[in-house]
Amino acid sequence: MLENGCAFTAAFTIGNKKVDDSAELGVYRNNWHMLRDHCDHFAGAGPSEWKSRGQELHDDVVLATKSQRQLWSKLGESTYFGLQRGGASNTGAGVEYGKYCHKYLDFIVKGGHLSDNVATYYNVASM
């Protein structure tokens, strides 16, 4: 998920206190499993390479953005958000979370709420 409203500095912990495939990396906080499975730049990397390779995303917002775009392009919104929430299996809560994120994005874009405060609230059933 995109980090905003905060400085992305060395104080930001690489991995966000998570390790291996669960580590959240870069400004978009994508998990390492998604990055190494679906981004060309990280293809072939193993689970234990998360810290050194994550440092690349931490240091290079252009690489992080290219990786984010590649994930969205390959996975689509629902699957992307499902993998973010549900991990590698993309089952259970991840699938439902992906559906709700997709509905929320539709609400923002199709409702014309890209530049107002309406998009800050959307009624989503508790999971």
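Let me begin with Glu-24, which is buried, with a relative accessible area of 15%; buried here means under 20% relative accessible area, exposed over 50%, and partly exposed in between, with a 1.4 Å probe and protein chains only. The model is a predicted one, in which local features need pLDDT of at least 70 and side-chain atom pairs count only at pLDDT 80 or more, while totals for chains, interfaces and linings use all residues. Residues are numbered from 1 along each chain as its sequence is written, and side-chain values use heavy atoms, with hydrogens and water left out.

Glu-24 forms a salt bridge with Lys-18, with the closest N and O atoms 2.8 Å apart. By salt bridge I mean a side-chain nitrogen of Lys or Arg within 4 Å of a carboxyl oxygen of Asp or Glu. Lys-18 is partly exposed, at 36% relative accessible area. Together with Arg-29, Lys-18 and Glu-24 are linked in a network of salt bridges.

The structure holds five salt bridges. One of them joins the side chains of Arg-36 and Asp-21, at 2.7 Å from N to O. This pair links distant parts of the chain, 15 residues apart: Arg-36 lies in helix H1, and Asp-21 in the segment before strand E1 (24–25). Helices (H or I, at least four residues) and strands (E, at least two) are DSSP runs, numbered from the N terminus. Arg-36 counts as buried, at 17% relative accessibility, whereas Asp-21 is partly exposed at 22%.

Lys-74 and Asp-40 form another salt bridge, their closest N and O atoms being 3.3 Å apart. Here Lys-74 belongs to helix H3 and Asp-40 to the loop between H1 and H2, 34 residues apart. Lys-74 is partly exposed at 46%, and Asp-40 is exposed at 54%.

From the N terminus, the elements run β-β-α-α-α-α.

Which residues of helix H2 (residues 50–59) are buried? They are Trp-50, Arg-53, Gly-54, Leu-57 and His-58. Seen down the axis of H2, these buried residues fall within an arc of 160°, taken from the directions from the helix axis to the C-beta atoms, so they line one face of the helix.
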